[in-house]
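Me: I would like to learn how to read ring pairs, helix faces and cores in a model. Can we go through them one at a time?

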Amino acid sequence: MTKIILVTGPARSGKSEWAETLAETSGKQVIYVATGLVDEADLEWVRRLEVHRNRRPTNWTTLEVSIELPAVVRSASASDCLLIDSLGTWTANLLEQESAAWALSQQDLLAGLKSAAADVILVGEETGWGVVPAYPAGRLFRDRLGTLVRHIGAIADAVYLATGGYALNLSTLGTRLPLTVDS
């Protein structure tokens, strides 16, 4: 049976490490799907990506997928475990889309996840725990990512919150909220 697992939490909380642990114990061929665009001029970003690369086992396959995430999810086989890191960078890559196009991109990813043959572990950032961003683009990003994470959480078999160095299984500790028209 295919599993969808969502790992969410704030910056530097251990989300990626927990997702990597789950992938490593899946017993399947792990395909690490990196959604971040590489900008060689941004040395700090390059160093962050290198830390992630160095942490991954050498037998994992890595795909760099900035936009076509739904197609990757659909093309994976039952013997695969996709580890998608992260929903925040994928959302940022599509931030220029108009609302209708973004809605279709989000629906396409959700449909791909629902029909996936592979196990899929997704890392999604929690961006809405702070102040309301001062700029429209920041508010748009926060709202789109928050909605996407909530929709994936609604179809996930397990949802983990990584914070303070712990991973909490919200699926067993919490109560799933219904999706509303504006969520």
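Me: Is Trp 90 buried or exposed?

Reply: Buried means under 20% relative accessible area, exposed over 50%, partly exposed in between (1.4 Å probe, protein chains only). Trp 90 has 1% relative accessibility, so it counts as buried. Trp 102 is buried too, at 6%. This is a predicted model: local features need pLDDT of at least 70, side-chain atom pairs count only at pLDDT 80 or more, and totals for chains, interfaces and linings use all residues. Residues are numbered from 1 along each chain as its sequence is written, and side-chain values use heavy atoms, with hydrogens and water left out.

Me: How many aromatic pairs are there?

Reply: Rings of Phe, Tyr and Trp (its six-membered ring) pair if their centres lie within 6.5 Å. Planes under 30 degrees apart count as stacked, over 60 as edge-to-face and the rest as tilted. The count is two aromatic pairs. Trp 18 and Tyr 160 are edge-to-face, with 5.5 Å centre to centre and 65° between the planes. Trp 18 lies in helix H1 (residues 15-24) and Tyr 160 in strand S6 (residues 158-163), so the pair ties together parts that are 142 residues apart in sequence. Helices (H or I, at least four residues) and strands (E, at least two) are DSSP runs, numbered from the N terminus. Trp 18 is partly exposed at 27% relative accessibility, and Tyr 160 is buried at 14%.

Me: What about the rings of Trp 90 and Trp 102?

Reply: Their centres are 5.6 Å apart and their planes at 50°, so the pair is tilted. Trp 90 lies in helix H4 (residues 87-93) and Trp 102 in helix H5 (residues 99-114), so the pair ties together parts that are twelve residues apart in sequence.

Me: Which residues of H1 are buried?

Reply: An α-helix has 3.6 residues a turn, so residues three or four places apart point the same way. In H1 the buried residues are Lys 15, Ser 16, Ala 19, Glu 20, Leu 22 and Ala 23. Seen down the axis, they fall within an arc of 160° (taken from the directions from the helix axis to the C-beta atoms), so they line one face of the helix.

Me: Which residues have the most contacts inside the largest nonpolar core?

Reply: In soluble globular proteins, nonpolar side chains tend to be buried together. A nonpolar core is a set of buried Ala, Val, Leu, Ile, Met, Phe, Trp, Tyr and Cys residues joined through side-chain atoms within 4.5 Å. The largest has 28 residues, and Leu 82, Leu 87, Leu 109, Leu 122 and Ile 152 have the most contacts inside it. A second, separate core of 15 residues includes Ile 5, Ala 19, Leu 22 and Trp 60.
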